[in-house]
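Reader: Please take a close look at one part of this model for me, with attention to charged side chains. A plain walk-through will do.

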Amino acid sequence: MFFIPPILQQPPVSLHLDLRASGKSVSPSLFGLMTEEINYSYDGGLYAELVRNRAFLDDRRRAAHWAAVGEGSSISLEQIGPDAARPTSLNVQGGVANEGYWGIPVHPHALYRLSIIASAESGGPITASIESPDGRVVYAQCRMGGLGKDWRKLTSSLRTAGDCKTTKDARLVLRTGAGQTVHFAQVSLFPETFLRRPNGNRPDLMEMLASMKPQFLRFPGGNYLEGNRVADRFPWKQTLGPIETRPGHPSPWGYRSSDGMGLLEFLQWSEDMGAKPVLAVFAGYALNGEVVKAGPGLDTYVQEALDEIEYVIGGPETTWGKRRAADGHPKPFPLECVEVGNEDGFDKSGSYEGRFVQFYDAIKAKYPNLKVIATTGGQDWLGAKFPLSRRKPDLVDEHYYASDWDMMAMASKYDTYDRKGPEVFVGEWASQGLGDPWTGREKKGPMPDMASAVADAAFMTGLERNSDIVKMACYAPLLVNLNPGGRQWAVNLIGYDALSTVGSPSYLAQKLFMTTVGDHTVAMSLSNVPNQTDGNRALPGVFASATRDSKHKLVYIKLVNALSSDQTIEFEIQGASVQSNGSTTTLHGAPRAVNALNQPLIVVPEVKHLTGLGSMFRQIIPALSVTVLTLHCDR
Ligand code: AHR
């Protein structure tokens with residue numbers, strides 16, 4: 001007979017809940033999503049366009065991502081096109097291939113919509129095919145006639161067969177007739193999109209995002225709003241209308257944006273997830289330090305912002321509301337918050353206060369019900385306090401990128417936060433692994449591991465407990481293309497390639513928390529919590545928060561165990577009778593456990609149905625875990 005040593009466990013933690021008091025109301029907009037063009041989030045990501053460099057504007061000297069195909073074929077760029085938005089064309093004699101964004105996805109019964117803008121001396125048809133890189137396997141093909149000497153837009157569709165294999169090793173090839181030269185000003189290929197929206201999004205990513213039940217979408221950035229130069233700010237006006245009217249613009253993340261994901265697409269994306277838009281407007285500060293100071297010189301930018309807001313919420317009688325209706329969305333969008341700039345604490349010229357006042361006054365004068373967000377929160381991180389003494393913002397946006405340890409330390413940050421100031425929007429935050437988030441970037445990520453997910457969840461318990469002051473929060477960055485060269489930021493929530501997607505442990509933890517937010521907090525006390533230590537410092541090893549969903553008589557208890565041992569929790573619940581059945585959903589794993597495209601199920605939620613619950617019971621939460629315990633109560 002073997003001697004089985006007892007598992008060394010910490011003494012139980014006591015968790016006491018009192019359901020008699022009504023608790024603080026939980027912000028109905030507490031958790032949302034933040035997005036910008038980074039890591040090929042839209043082009044090569046959510047935005048479903050499959051042709052890379054569709055308008056030949058990525059590089060004026062060469063046809064990047066295009067290559068001649070077949071003996072005797074030739075291609076060349078020419079600075080001639082139909083108009084100012086399409087000033088360049090690709091001359092093709094023979095065949096040309098586009099490599100897509102690290103491949104073109106192929107699967108059985110796939111339907112693609114191809115559109116081209118082209119001209120040719122002779123009108124012979126061209127052949128379009130989606131085929132293997134060596135051209136031996138043709139997955140789908142069509143012929144397009146109707147070319148002429150003038151620029152024409154032609155469309156067609158391609159469909160794969162039912163027995164076609166699933167692969168991303170494919171390219172789009174266009175072949176001209178013998179001896180024919182065709183000038184292409186745009187080539188676009190779309191697969192089926194979420195809700196079949198034209199110019200729409202990838203269904204698999206949209207499903208992942210919508211399943212988080214985000215309450216809002218913060219867009220268009222982030223640094224992407226600001227641009228490297230003022231001239232490179234998010235050009236919302238030129239992102240409207242048919243794609244051939246959108247020239248695109250340089251993004252601060254090292255590649256050109258097609259602007260296929262334009263203002264209307266952002267708004268529809270939020271609508272399709274049941275989320276409200278949070279619109280960030282350019283406020284006169286660019287990343288290179290260029291500043292448009294407050295005063296008459298800023299008026300143009302204030303007007304640009306007012307027009308943009310009008311596009312989002314103006315009635316059909318307004319100039320920009322009418323334009324939105326003409327673009328296909330007569331109904332105004334449910335905009336409640338406008339953010340003035342992004343991270344203006346970095347503007348060391350001290351101009352933000354004046355700029356903010358100018359935007360604030362103009363926005364409030366026209367739209368008194370809109371909440372105006374200032375971006376100089378996050379005093380701890382930016383190392384400076386900006387008084388904004390002349391106007392009180394409705395919310396301040398604070399950003400926190402921190403090591404796992406520092407993020408866990410911030411779980412208690414808002415417990416003692418000054419309630420007299422503006423409300424808080426944590427508009428970007430993420431645990432970034434070990435050590436300082438800015439160093440060793442190449443060794444971090446691309447997505448958070450289990451240890452970071454635990455730190456993220458610990459921080460979220462603090463957001464939820466303090467949702468009387470923290471009204472909104474969203475993680476960043478949201479998306480990353482996992483191909484080599486696809487990533488600019490170290491740690492990102494959701495990864496993908498042309499064919500597949502993967503949710504990080506932190507994505508799963510956030511989804512779990514975001515789908516179990518009650519309407520009121522429940523008074524809670526924890527005792528006997530063991531500490532964790534990094535050798536020098538100590539923090540609690542267990543984090544928790546509790547809310548109730550009054551309508552469905554549910555209580556959600558969020559439990560985060562950052563310890564390397566399982567932990568028993570003794571629950572005592574007062575003020576309501578607890579039904580004997582309930583459930584837990586738990587994520588746990590080794591600290592470095594990650595999900596990857598080829599191993600997406602390393603960390604997965606485990607659901608357990610519980611019986612025997614009541615006013616007192618015990619549960620064991622695993623080492624390094626995130627759990628939501630759901631109780632059914634009589635009130
Ligand atoms: O999320 C990545 C970047 O971090 C954002 O663009 C910027 O706002 C922040 O500095």
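Author: Arg 465 is partly exposed, at a relative accessible area of 21%; by the rule used, buried is under 20%, exposed is over 50%, and partly exposed lies in between (1.4 Å probe, protein chains only). This is a predicted model, in which local features need pLDDT of at least 70 and side-chain atom pairs count only at pLDDT 80 or more, while totals for chains, interfaces and linings use all residues. Residues are numbered from 1 along each chain as its sequence is written, and side-chain values use heavy atoms, with hydrogens and water left out.

The partner of Arg 465 in a salt bridge is Asp 415, with the closest N and O atoms 3.3 Å apart; a salt bridge is a side-chain nitrogen of Lys or Arg within 4 Å of a carboxyl oxygen of Asp or Glu. The pair joins distant parts of the chain, 50 residues apart: Asp 415 is in the loop between helix H8 (404-409) and strand S18 (423-431), and Arg 465 is in helix H9 (residues 450-465). Helices (H or I, at least four residues) and strands (E, at least two) are DSSP runs, numbered from the N terminus. Asp 415 is partly exposed too, at 37% relative accessibility. Elsewhere, salt bridges with shared partners connect Arg 218, Glu 339, Asp 397 and Glu 428 in one network.

A second pair is Arg 391 and Asp 361, whose salt bridge has its closest N and O atoms 2.7 Å apart. It too links distant parts of the chain, 30 residues apart, with Arg 391 in the loop between helix H7 (379-382) and strand S17 (395-402) and Asp 361 in helix H6 (residues 352-366). Arg 391 is partly exposed at 27%, and Asp 361 is partly exposed at 32%.

Asp 150 and Arg 152 form another salt bridge, at 2.9 Å between the closest N and O atoms. Asp 150 has a relative accessible area of 40% and counts as partly exposed; Arg 152, at 33%, is partly exposed as well. In total, the structure holds 36 salt bridges.

Between domain 1 and domain 2 the count is 4 salt bridges; the domain bounds come from an automatic or database assignment. That assignment gives domain 1 as 13-25 + 519-633 and domain 2 as 33-48 + 201-292 + 333-489 + 501-514. Here 39 residues of domain 1 are in contact with 33 residues of domain 2, contact meaning heavy atoms within 4.5 Å.
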